[in-house]
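Please examine the sequence and the three-dimensional model shown below. A report on selected features of the fold accompanies them.

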Amino acid sequence: MPREIISLQAGQAGNQIGSEFWKKLCAEHGIAPNGTLEDWAIQGTSSLSSQSANTLAHMHPPSPTNQVNAAGGTIPSNVGGGSAYTHGAMDRKDGFFYQADDDHYVPRAILIDTEPRVLNNIRTSPFKDLFNPENFYLSKSGGGAGNNWAKGHELGEEGKEELMELINREADGSDSLEGFMLTHSIAGGTGSGLGSYLLERLSDHFPKKLLHTYSVFPGDGDVVVQPYNNLLATKRLVEHADSVIMVDNLALHKLVEDNMELSEASFRQTNQLVSTVMAASTTTLRYPGYMNNDLVGLVSSLIPTPRCHFLMTAYTPFTGDDIEKGKSVRRTTVLDVMRRLLQPKNRLVSTPFSQPSCYMSILNIIQGDVDPTDVHKSLLRIRERQLATFIPWGAASIQVALAKKSPYVQSSHRVSGLMIANHTGIHVRFSRMLREYDQARRIGSYLHQYKQYPMFSKDFSEFDDARQVQEVVAELVDEYKAAEHENYLDYGNGA
Amino acid sequence: MSTAIGHRPAISTGKSTPSTNILSETASDGYSRYNRPSSSAAASSSSHPVKTAMSRNVVEQPQSRSEKESASSSEDHQIRTSNSDRREDEEMDNRTKPKAQIMREWRQSQGKTPRDTDLLLRDMLYLLQGIDGKYARFSKKSRFEKQKEVNPYLVEKPIRRAGARPDKGKGKEVDLFTDDEEIRGIDFVDPDGEPHYVSPALQMIIVQLAELGVLYRRVYNYIQSKQDPSVQDPLREASMTEQSLCHFLETELADYLRLLTTLEEEMHKDNAIMPGDHNQNRDEAMSPDPSSLVVQQVPTERSGMTFQKLALWAGDFILKVRLMSSVVAEAGKTRGGALISTIYVFTMHGDPFTRDYSNRILDEVSKPFFLSLQRWISSGVLHDPFNEFFVQVNPETRGQHFGRVALRDDMGFGYRGDVSSRNDIAYTIWEKRYIFRKEMLPIFLNEDFGKKIFSTGKSINFIRYGCRDTDWDATERQLAEVRKDEFNMAFPVLTHNDIAGLESTIDLTYKIASKRLLDIFFDQYNLMDHLQAIKRYILLSAGDFAELLHRNLGPRLDRPASKLLRHHLTTDIETAIQESNARFESPEILQRLDARLQTAKPNDSGWDCFALEYKVEAPINAVLDDKALASYDDLFGHLWRLRRVSTKLQSNWLAHTFAIRRYKHLKEFVAVWHQSNIIQAQMVHFMSELQAFCHLEGIAVPWSEFVKFSEQRNGDLDELIAAHRSYLRAMSSKVLLRSKNREEEALFDVIETALSKIMSFAEISNQLYQLTVRESTRLDNRKMAERGIIALSNIDNADQIKEERQTLERRLRRCGEDFKSTLQELVYGLGTHSNSEVKFLGLRLSFNDIYAMRKTKAKATSRTEPRNGNTKQNI
């Protein structure tokens, strides 16, 4: 009974990143594109039938009649196999997958879009049999949201019944649902609008479940109306999501271009990068270690106050293993990796971090064959060198979670690391968002596009109400700024 | 001369010939006449020393001697008569006599007859055997006299020595002076009343030669005491070493006696060719006057035997006997290996003769030792009936039965109970069964080497008795093979001369045996799998298992301990196994995981008395002994508590942190929730750092060191046990802050305090949440009442809620402050901790210097200066 996480992917970006993510997961768990286990990964599977076979094995020798799943027989019958000591494949797939009647692994994923293109791509890809076909949700119209948040939101409202039915079914299929993981972009229409709608519904329906999102923040002017979309979606992220891992398109491209021998990065590559980060951030859930084996454990130490839940990530090294055409490997030691994670150029959020900004918390997930003493030494070194600045009002540190590397994925580097951090400097990103919105709003451009939808039909109160959008984001910026100072403890009194 | 006659049969076989019978009669005559009690028993004593030795070694000798005796005894008469004849002819021969003769005659006339050298020579033969002669006797200082020296007022009483040999009805032992008596020298006596004269030169020679006799007697006594069959006490019985020493000594003494016999023969050589004298002698023997009867068995002057010759002959033996005597003196004090050590010291002697001779002694004496050694290192059997090997069965465990412990196929029944019942056997076999006795280790083996031998045998013994039959078979084969390759024989002969060879043999055997034993532990009994499993499940390294176990057990353990039922707990453990990755573990391991309920005190909750345990049986429990399991128990207790607290905190975080977003409109609650969140964040940080420290620095680091040991597999089982112990110690010192320093150990209580603060915080936070919900409902109700949807309730408890909120706010603040000061105390304590690795916990907790590592007056009050000012940021 693992803590299941249902993955929702909305919109073009969400689905593209999502499908890359699932590919990565399949590779790491030795699951073939059709959902069956690869031969080499058959040992130590977590199929239900093997589970029952194993239960029986407690009382009887493994019975040869159990032919459905080869896994039942491959479990070492005596301790002397040697495998028990190394346990290469001690993974936990069932947090993200469930097994169909024919033992195929099916991702706990719901794919949502308003236009068929991306979903059709997935349906025709080699991974077409992986997903549950019922879990593809396409709006009736199929005409897309046209980069309009309001339309996306509206389409969500339209498909409410069906969507909630899908989600409820998925949720009922899990024993102890821990939360949801939404992958989307906040610039466009579907990911932003429909994604926002989902957040609202989910936080209402599942108040005790974690709402975790991977949100792609747009670069400069991908979409004309993005200042509106951004702000509207961000409001939902502030109010309804529990933790948001921010991925900045601008930073993504820069990162890919820096690390690849290319002048311009393709979306495919940036998507691979994001999915790498996603996969890395869930390693501790999939390869249980002594700590951080659930999402709550992972994010609770990162998020001190409810509003400050926008997390920044950094990843290293980006190599050809994860992304096409990546550069060759550098030396990777724990210290190198941890040091590099603190460097701005490896971050997935491009914001200039000004002087008083500081880390509220850092969690490093180090993957690979790591000598525990190295971690110890690296932490000492980083502290000595004061490579990271922390909040002045409370204890904060670099927490390190050691995670196994998948035994099925060959990688040319020894250690890789992901940093998830809560940094106050992130408010700069929201400030910019507010500025862009202000500019667009002043001109009043494209507002008419929103008028046709119920939410905005009467007036723009959604925008203008004091308690609304701008205010919410402004408060967020404010709180992040306040957290840079020691008197943050009394922040609540002032507000 | 009855004494002399009396002694004769002692040398001979006694009543074997008619002539000796006559002699015995004369002896009893002599006894009554001369009243010499010391000679009385000798006549018939069958246990006479010389006889024993002779009869054993020189079988035909007594026969020939007794014949000779009868001859010589008649010669004695002849000599005596010839003496008296001589006096008559004195005047006649005076002129032709040499000066010496004249001198002698003059002395005789003065009443001082010189003692006849020949008589003395004969006495000398007795003296050489440690027996008093007729004219020369040992001058003894008796025990009483010695005591008298100390206390002159003592009065002699017939004291029967405690350790005296029981009287066997043959009268008192003749001449067998005991160690109590001190030989002062030789007394020359005149038993016949006539004063005789012995020249000082001769006296000196006699005294010098008599040493041999004293020493001989000492050695002889030793052998006797060791071979006395009447000694039943096993502790006093002659041990193997002593037996072989006795054997050697006996052989040597036989040689010595053979020499004496030869000498005696030499003395009487020419008697036979004097037939005339012979007849004369017989006539004298028939003489009616008994008082004039001087029966003397003296060497004839013509035999050519002199004291000088005697000294020359005996000279060779004097060194030997001296050495033997010193060995014997030492042997009385020590035994076994220690005795070998003492003898070994003699082999270091500078004199080549002594050295060689000591080596011979050592060869013989060390035989049983090397036999024991060989059996010990080749088959792990302690063959040591007299406790003289340097390995000995531990007297504490002597009574225990060490059967061969085999895993029984129990068909799934009774396995667990069985395991616990013989839980400690393997450990006892290894650790307690044998002890190493340094004092019994021969000094030519140094202590390390001795330890190695000890360990080798122990390993083999353990394989033999602690493991399965097949293990031993395989080991034995392997040992035999290697021996064949190396030495081309079944087993090399071990001697003290070839220490290098011995070392190489033992090194090799040690290597094989200990490697083999480690292999058995690691490969056959999968020690690492068990330890890994313990690390995973008892030390909760398998987070998924721990989490599920916690989730399943949590509600049960919240109830009072008395309500707990063990079978519920085992079911929950089973469920946790089935749902976590633990299900891939082999059943062999999983069936060892079990719940244990410690005896509960009246108010204990389930948490206080639940423990997860891992069952081990022989031979694994040689490593995982009870003490080790107890340490694991302690570790589990703490880690389990940590998990409980952190789970509580996390669920608190999950329940409240975001839920309060919907109550944002309750303005007066915003501040208190913010405060709560901040405190919570501190606690979450503390918990995650503490847990990370416990698992990473506390467990993973020592574990990786232990894994290194297991990969190298150097050393023997002792080193394995030591490595495991240090692994445990390292964990305890970091996870439980175990330390020699009481103050440092007290830090653990500080952690406990912090944990309890977290628990009480969760309680407050929960109350606060309920209050928030109540307030929200109240406002909603009021709103609805205003709209007239529902009737306004009579009591609008706004004030009450406000009051409660303020109370909670105060409690919260205090809780936060307490927690902070507790942490400050902890970090400060850790800052000065002697163990740098434990110190690191302080660094982890105060990574951004929020808690002062050192007490400075300024720091305690203000931390307003963040490091931002002076550090260049790399960000």
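## Basis of the report

The structure is a predicted model, in which local features need pLDDT of at least 70 and side-chain atom pairs count only at pLDDT 80 or more, while totals for chains, interfaces and linings use all residues. Residues are numbered from 1 along each chain as its sequence is written, and chains are lettered from A and ligands numbered from 1 in the order in which they are written.

Chain B has 32 helices and eight strands; helices (H or I, at least four residues) and strands (E, at least two) are DSSP runs, numbered from the N terminus. Of its 875 residues, 42% are buried. A residue counts as buried if 20 or more other C-beta atoms lie within 10 Å of its own, as exposed if 12 or fewer do, and as partly exposed in between, with C-beta atoms placed from the backbone. Among contacts in chain B between residues at least 6 apart in sequence, 78% join residues at least 24 apart; a contact requires C-beta atoms, placed from the backbone, to lie within 7 Å.

A nonpolar core is a set of buried Ala, Val, Leu, Ile, Met, Phe, Trp, Tyr and Cys residues joined through C-beta atoms within 7 Å. The largest one holds 321 residues, of which Met246(A), Ile366(A) and Val219(B) touch the most other members. Helix H27 (residues 667-712) of chain B gives the most to this core, with 20 residues. Not counting residues up to four places away in sequence, Met246(A) touches Ser215(A), Phe217(A), Phe310(A), Leu311(A), Met312(A), Val349(A) and Ile426(A).

## The sheet of chain A

In chain A, ten strands form an open sheet of mixed pairing, in the order E5-E4-E1-E6-E7-E8-E9-E12-E10-E11. Strand E5 (136-138) and strand E11 (398-403) of chain A each have a single partner strand, so one side of each is left without a neighbour in the sheet. Neighbouring strands of this sheet are turned by 20° against each other on average, direction ignored. Two strands pair if DSSP finds at least two bridges between them; axes are lines fitted to C-alpha atoms, for helices over the stretch in contact, and angles run from 0 to 180 degrees between N-to-C directions.

Strand E9 (residues 310-316) of chain A is largely enclosed by the rest of the structure, because seven of its seven residues are buried. Phe310(A), Met312(A), Ala314(A) and Thr316(A) point one way from E9(A), and Leu311(A), Thr313(A) and Tyr315(A) point the other way. E9(A) pairs with strand E8 (residues 243-248) of chain A in the parallel sense over two bridges, and Ile245(A) stands opposite Leu311(A). Five bridges join E9(A) to E12(A) in an antiparallel arrangement, with Ala314(A) opposite Met419(A). Strand E12 (residues 415-423) of chain A also runs antiparallel to strand E10 (residues 359-368) of chain A, to which nine bridges join it; there, Ala421(A) is the bridge partner of Ile362(A).

## Helix packing

The axes of H27(B) and helix H28 (residues 717-735) of chain B come within 9 Å and cross at roughly 170°. H27(B) and H28(B) are therefore roughly antiparallel; angles under 35 degrees count as roughly parallel, over 145 as roughly antiparallel, 65 to 115 as roughly perpendicular and the rest as oblique.

Helix H13 (residues 336-346) of chain B is mostly covered, with eight of its eleven residues buried. These buried residues pack against helix H10 (240-267), helix H12 (307-331), helix H14 (352-365) and helix H15 (367-379) of chain B.

## Local backbone features

A cis peptide bond, with omega of about -10°, joins Thr316(A) and Pro317(A). Pro317(A) lies in the loop between E9 and H14 of chain A.

Asp103(A) lies in the loop between strand E2 (97-99) and strand E3 (105-107) of chain A and is partly exposed, with 18 other C-beta atoms within 10 Å. Leu540(B) lies in the loop between helix H21 (527-538) and helix H22 (543-557) of chain B and is buried, with 26 other C-beta atoms within 10 Å.

Notes. Contact = placed C-beta atoms within 7 Å.
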